[in-house]
Amino acid sequence: MEKTDKKVILSGIQPTGTFTLGNYIGAVKNWRQLQEDYNCIYMIANMHAITVRQEPAALRKNTMDAVALLLACGIDPDKSVLFVQSQNRCHAELNWVLSCSAQFGELSRMTQFKAKSEKHPDDINAGLFTYPVLMAGDILLYQSDLVPVGADQKQHLELTRDIAQRFNMKYGDTFKLPEPYIGEVGARIMSLQDPFSKMSKSDENVNATIFILEDKDTIIRKFKRAVTDSETCVRYAQGKDGINNLMTIYSCVTGKSYEDIEREFEGHGYGDFKLAVGEAVADHLQPVRDEFARISADKEYLKEVCRKGAELSERIARRTMSKVYRKVGFVEN
Ligand code: TRP
């Protein structure tokens, strides 16, 4: 990463299975564009992943697949810092210090904690509870200016600011306060089977979610089964949540506006439209699939990307970490 006056953007993604079309359109596709205008730091959040039970071999594979996928999606390790969280010790170190500036009460109020505890009542571990503190550390270590976050992570970013501010008050100016980065089209991709819930990796209905490495036939089949409404007219309107979601997806992969799309499908039924969306998505993702296959076959290259990313990210993070240890009064090594 060059030393310029460009702003620092940091984001993370958990390595739990391949990305969905929602992850791709809502996050990763934009990450590629941001590389031109910002100093970007992209992290595979494998330490976050173990807050819910993971099969170790699967976690290891998913982590390397996530690196390969980000490369396939156009993240360029010469332009951005791309790294695996556990390979940079600063994240664990800052987590402890910050946890002493986070309050039990505020962590208890995190809606994601409440939701996840309900989902896994037999494993409400302390990591699940302090997860937002780990995330705060991820962000604050790099003195990040901006964090692109979806709605589900907004509360965690606000908490990050509160923790940073509290630390700065106690110990003197240490952390930059990060701001949310709001992209142009805040595309939030919904389930193909229930347009009121977000497209999710863990949906039980296989037809609800498109995974970006799926083959063309599967993608088209899932779009053909997408839930719509009882009208027949392709238009973006209130109450047409299924069609609106398909129009958003089609617009994101083709660059066409909603008016363009309405014109294109005037006089056509939903069948034609769904097929067109499926084909456009599959074609759009084809280069990603090809690149992923090519890159993930080259294990040495992948390891080298991780090694370089770990080194570079640690060099940046270590500066903040040393400052933090000094401020809190830890004796020097
Ligand atoms: N918690 C985020 C998620 O589950 C992933 C993440 C970890 C993250 N650390 C981050 C996102 C720092 C933004 C910034 O999606």
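In this predicted model, a nitrogen atom of the ligand is 2.6 Å from an N or O atom in the side chain of tyrosine 131, a polar contact in the sense of a pair of N or O atoms within 3.5 Å. A polar side-chain atom of aspartate 138 lies 2.7 Å from a nitrogen atom of the ligand, while the side chain of glutamine 14 places an N or O atom 3.0 Å from a ligand oxygen. Taken alone the ligand exposes 360 Å², of which the protein buries 88%; these areas come from the Shrake-Rupley method with a 1.4 Å probe.

The model is a predicted one, in which local features need pLDDT of at least 70 and side-chain atom pairs count only at pLDDT 80 or more, whereas totals for chains, interfaces and linings use all residues. Residues are numbered from 1 along each chain as its sequence is written, and side-chain values use heavy atoms, with hydrogens and water left out.

The shell around the ligand comprises 13 residues, the closest being Gln14, Tyr131, Met135, Asp138 and Gln153, where a residue counts if one of its heavy atoms lies within 4 Å of the ligand. Helix H7 (126-140) and strand S1 (8-13) each supply at least two residues of this shell, and H7 gives the most, with four residues. Helices (H or I, at least four residues) and strands (E, at least two) are DSSP runs, numbered from the N terminus.

The protein is divided into domain 1 (8-187 + 299-328) and domain 2 (216-293), with bounds taken from an automatic or database domain assignment. Their C-alpha centres lie 32 Å apart, and the contact between them, meaning heavy atoms within 4.5 Å, takes 10 residues from domain 1 and 11 residues from domain 2.

The largest nonpolar core has 59 residues, and among those with the most contacts inside it are Leu21, Ile249, Val281 and Phe223; such a core is a set of buried Ala, Val, Leu, Ile, Met, Phe, Trp, Tyr and Cys residues joined through side-chain atoms within 4.5 Å.

Within helix H9 (residues 216-224), Thr218, Ile219, Ile220, Lys222 and Phe223 are buried, that is, under 20% relative accessible area, with exposed meaning over 50% and partly exposed in between (1.4 Å probe, protein chains only). Their cover includes helix H1 (21-34), helix H10 (241-254) and H12.

Key:
Polar contact = N/O pair within 3.5 Å; in protein donor to acceptor, adjacent residues only side chain to side chain.
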